Amino acid sequence: RSSFVKSNTAGPAHIALPYALTSFSPLSPDEILRLVTAGHPTTCPLDPIPSSLLQTISGDLLPYLTSLINSSLTAGYVPSVFKRARVAPLLKKTTLDPSDVNNYRPVSLLSFLSKTLERAVLGQLSCYLSQNDLLDPNQSGFKTGHSTETALLCVTEALRTAKANSLSSALILLDLSAAFDTVNHQILLSTLSELGISSAAHSWIASYLTGRSYQVAWRESVSAPCALTTGVPQGSVLGPLLFSLYTKSLGSVISSHGLSYHCYADNTQLIFSFPPSDNQVANRISACLADISVWMTDHHLKLNLGKTELLFVPGKDCPFHDLAITVDNSIVSSSQSAKSLGVTLDNTLS
């Protein structure tokens, strides 16, 4: 994180918008009850009682739960007790050496009630963004009716259509390093202001992002609390949606180079289809990736070119090409297959 330049903390110039979200509306007791009982009863050491028990007795606690959640929504403030995380290291594979810390994946656990509060905000924020057409149409993550399956269908159908039209395609799968962890709060809050989120609604999200901490649990020991000054919370309900808003402007950078794209959270896939006569393919893709790299640096994200993959899919009756793209002194070479959202694609789409 120290490699990133300090962001400009000045807010955007005020522009009158035809839409605005100034506050989150209080919920009725029945709505609160549905949120509590519909949530998956995850286990977190920060919960005072097991979440499954809380769901069972939620009817008796409903006046208190309603007051707690609605007070937060109307005041634009998230209680500090809801901004703590417990991190548990989880071995990536049982066959790996447990004495090597690099073989562990940190799993962030949040309290059940904090995620219930997030769901109360998620519903209203998602509705506002959808009604005002503020979501990236090429983002499949965390949208109703969308999934990894729709993202994969969109990409593979674009490749098949190009192939049928005797156009070859390059599929570039971008890899970001710890993307959720390096989100800059000032840039994110400025982006939300530009989307018409202001007043108490903006204050609530600012409160949600700031003052967070985590502790690492290992066996019977727990570390001292550590402050989280960047990023959106791992394991949270709102984090993925906030990340997709944070990266929305990346789409215009990609489109300006004539490439199409599709995203699922921080998974971004670029598609460039071209006729066999085009001899500037490598240069155009390199220029696009160079601008993406600049955008990433400006937004405190890091493009991992070492793990970025390139798949060349020849069009019908078109020759194969060994594409090699050079960006920031790194070479991205085409391979015969690439893994996208858990599915392995090959260069014949078989």
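View 1. Tyr-128 is buried, at a relative accessible area of 5% (buried: under 20% relative accessible area, with a 1.4 Å probe and protein chains only). This is a predicted model, in which local features need pLDDT of at least 70 and side-chain atom pairs count only at pLDDT 80 or more, while totals for chains, interfaces and linings use all residues. Residues are numbered from 1 along each chain as its sequence is written, and side-chain values use heavy atoms, leaving out hydrogens and water. Tyr-128 pairs with Tyr-19 edge-to-face, with 6.3 Å between centres and 70° between planes (rings of Phe, Tyr and Trp, the last by its six-membered ring, pair if their centres lie within 6.5 Å; planes over 60 degrees apart are edge-to-face, under 30 stacked, the rest tilted). Because Tyr-19 lies in the segment before helix H1 (29–38) and Tyr-128 in helix H4 (residues 112–131), the pair ties together parts 109 residues apart in sequence (helices are DSSP runs of H or I, at least four residues, numbered from the N terminus).

**View 2. The stacked pair Trp-204 and Tyr-208.** Trp-204 is buried at 0% relative accessibility, and Tyr-208 is buried at 2%. Together with Phe-24, Trp-204 and Tyr-208 make one aromatic cluster.

**View 3. Arginines over rings.** Look for the charged end of Arg-212 over the ring of Tyr-208, 4.9 Å from its centre (the criterion: NZ of Lys or CZ of Arg within 6 Å of the ring centre and within 35 degrees of the ring normal). Arg-119 lies over the face of Phe-112, 5.9 Å from the ring centre.

Note on methods. Helix = DSSP H or I, 4+ residues; strand = E, 2+ residues; numbered from the N terminus. Buried < 20%, exposed > 50% of the residue type's maximum accessible area, 1.4 Å probe, protein only.
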